[in-house]
Amino acid sequence: MMRWLAVVVCFSLGAPASAQSLANQLFGALRDGSNQQAEVIGAYAKGCLAGGVELAETGPTWQAMRLSRNRNWGHPDLIAFVQRLSQSAVTEAGWPGIYVGDMSQPRGGPMTSGHQSHQSGLDVDIWMLRPNRLNLTRRERENLSSISVRSADQSRVNENFTYGHMALLRAAALDPAVDRIFVTPPVKIAMCNAEDGNKDWLQKIRPLQGHHYHFHVRLRCPRGDRNCETQTPSVRELSKGGNGCDASLNWWVTTYLELLRNPPEPDPNTPTPPPRRGARDYTMADLPRQCAQVLASN
Ligand SMILES: [Zn+2]
């Protein structure tokens, strides 16, 4: 008991840390990428990005949304991927293009709001909203909202989910640069049922709570980036070599939802664990040491 108390006390003394600057404040304040060769440093949820590149706010087949956040930055591999996927939206899904949500900050790093990941320039959120126009003004991009493709009870997709979404997700999963894609479990269930051809691509589609207004694409480490941390376990390991269209997927719309509705009573004999530190608590000491150079660079 005393040991737990000590942990809790140390934690609450150390956590507010307004004196030791928080990494998200430092990274969030920089408006441009670092003048360095492009390199991914660290992990998706604990890292940064050297030589980040800005995705053009508007292209022939995409628009970046919520420009005020300045999160339309990434590794050059991510910029190229977004452009490829936006073309696939036209050729595979019959969409005019895509609305691109958060990528990374100019130098990556932890963010002041929202995501734990998106730190290393390899993550991108793609809106579920099929674009009607690709000439939205800045103001329209602040005010327009995406749509949810999930039913209110979270067990199914709703009428907003279309074959166009599936074609776009398939194109993303088949892209060799992609490591995995996070999407609401009902979408994976719907695609497992609807795919009557080869289902191998579904291995990269990972069910996760949330992710019904957008899907999240995560790229592999760029070739040669020695400081980039590959995510483990791999999607192959997670799905035991299969496509994940199985009982582990069904769990999300049965047991998981049941636990959400009726959370178990906490066991009075188990001490409450200290609050978990998240990306917004990180100081520079939590990040790979190269991130200090990224921050200090021109
Ligand atoms: Zn995301």
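Q: Is Asn 70 buried, partly exposed or exposed?
A: This is a predicted model, in which local features need pLDDT of at least 70, side-chain atom pairs count only at pLDDT 80 or more, and totals for chains, interfaces and linings use all residues. Residues are numbered from 1 along each chain as its sequence is written. A residue is buried with 20 or more other C-beta atoms within 10 Å of its own, exposed with 12 or fewer, and partly exposed in between; C-beta atoms are placed from the backbone. Asn 70 has 16 within 10 Å, so it is partly exposed.

Q: Which loop holds Asn 70?
A: Phi of Asn 70 is near 55°, a positive value in a residue other than glycine. Strands (E, at least two residues) and helices (H or I, at least four) are DSSP runs, numbered from the N terminus. Asn 70 sits in the loop between β5 (62–64) and β6 (73–74).

Q: Is Lys 240 buried or exposed?
A: Lys 240 lies in the loop between α7 and α8. Its phi is positive too, near 50°. Lys 240 has 9 other C-beta atoms within 10 Å, so it is exposed.

Q: What is the omega of the peptide bond from Thr 232 to Pro 233?
A: Pro 233 is in the loop between β11 (214–219) and α7 (235–238). The bond from Thr 232 is cis, with omega near -10°.

Q: Which residues of helix α6 are buried?
A: Helix α6 spans residues 185–194. The cover over its buried residues includes α5 (163–174) and β9 (178–183). The buried residues are Pro 185, Pro 186, Val 187, Lys 188 and Met 191.

Conventions: Two residues are in contact if their C-beta atoms, placed from the backbone, lie within 7 Å.
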